[in-house]
Amino acid sequence: MYVGRFLVAAPGLAAYRVSSRSFPNRKVIDRDGSLTVVPTDDAEPTDNPYVSYNCVRTVDDRELAVVGNGSHVDPVAEKLELGYPARDALVSALFALDFEKDDYDTPRIAAVVGADSAVVGTVRRDALLVREVDEPTLVATYEKDDPEPFALAADGAAAAASELYDHSFEHAVCAAGVSVDAAGIETAIHNGE
C-alpha cells in the first residue's frame, strides 16, 4: 500500500518517513539542529516547493519536538517557542497553511511530542483534525489520513526511524526519528541506500 509521507507519534517518541513515487532522490540531513529533507546530489532539478523542508524541529527550552511533512513544521515550532500549547500551535499553523496546493491536494501532517505527551494533526481538503494521543498513532498523507493506532515497537529515536523506514508501506525514501525524555531530546536519521 502506498500512503505517501507518514508519521507515528506517542508520548516521548515520534518518527517520520518520506515515501515518494515522484521525488525518490531525497535524504534527511541535520542542519543546525533541525532535520531537513533535501534532494540528493543526483536528483533531477525541480522548482517544486514541497520537495525540501524541515521534518523535525526541537524546542529545547520546552523539551518538545515537532515532526511533519512540510513548511508548517517551522511555524508550529515558532508558536511553541512563544509559549503556545501544543494543540494550539498545531491548529494555528495547519489552519493558516492549509493542505498543499499540488495535483493531489496533499494533506499536511504534524505532531508535537514531549516526554509525557503527544498531539497529532492533519489538515486536508475536507477536515482539520488535531488530537492528543497516549499511544503510538499514525497519520499519513494518503489512504490513512485519519489518525489511527500503530504498533510501534521502537524505544528510541534511531530505532523508530529505522522501523518506519523498513515498514511495508511502499516507496520508502528516508526517515527521521526523535525521542524526548528526562535526559533531553535525541534525533536520528535513516537514509536509504
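Trainee: What makes β12 and strand β13 (residues 184–191) a pair in this predicted model?

Mentor: Two strands pair if there are at least two bridges between them. β12 and β13 have eight, in the antiparallel sense. Ala 176, for one, stands opposite Ile 189 in β13. A hairpin of two residues joins β12 to β13.

Trainee: How do you know that strand β2 (residues 13–19) and β12 pair?

Mentor: The cut-off is again at least two bridges. β2 and β12 share seven, also antiparallel. Ser 19 stands opposite Ala 172 in β12.

Trainee: Why is strand β12 (residues 172–181) called largely enclosed?

Mentor: Eight of its ten residues are buried, so the rest of the structure largely encloses β12.

Trainee: Why do Arg 57 and Asp 74 count as a salt bridge?

Mentor: The cut-off is within 4 Å, nitrogen to carboxyl oxygen. The closest N and O atoms of Arg 57 and Asp 74 are 2.9 Å apart, so the pair meets the cut-off. Arg 57 lies in strand β5 and Asp 74 in helix α1 (residues 73–81), so the bridge ties together parts 17 residues apart in sequence.

Trainee: What makes Asp 126 exposed?

Mentor: Exposed means over 50%. Asp 126 has 59%, so Asp 126 qualifies. Its salt-bridge partner Arg 124 is buried at 12%.

Definitions and conventions: Residues numbered from 1 in each chain as written. Predicted model: local features only at pLDDT ≥ 70, side-chain atom pairs only at ≥ 80, totals over all residues. Heavy atoms only, no water. Buried < 20%, exposed > 50% of the residue type's maximum accessible area, 1.4 Å probe, protein only. Helix = DSSP H or I, 4+ residues; strand = E, 2+ residues; numbered from the N terminus. Salt bridge = Lys/Arg side-chain N within 4 Å of Asp/Glu carboxyl O.
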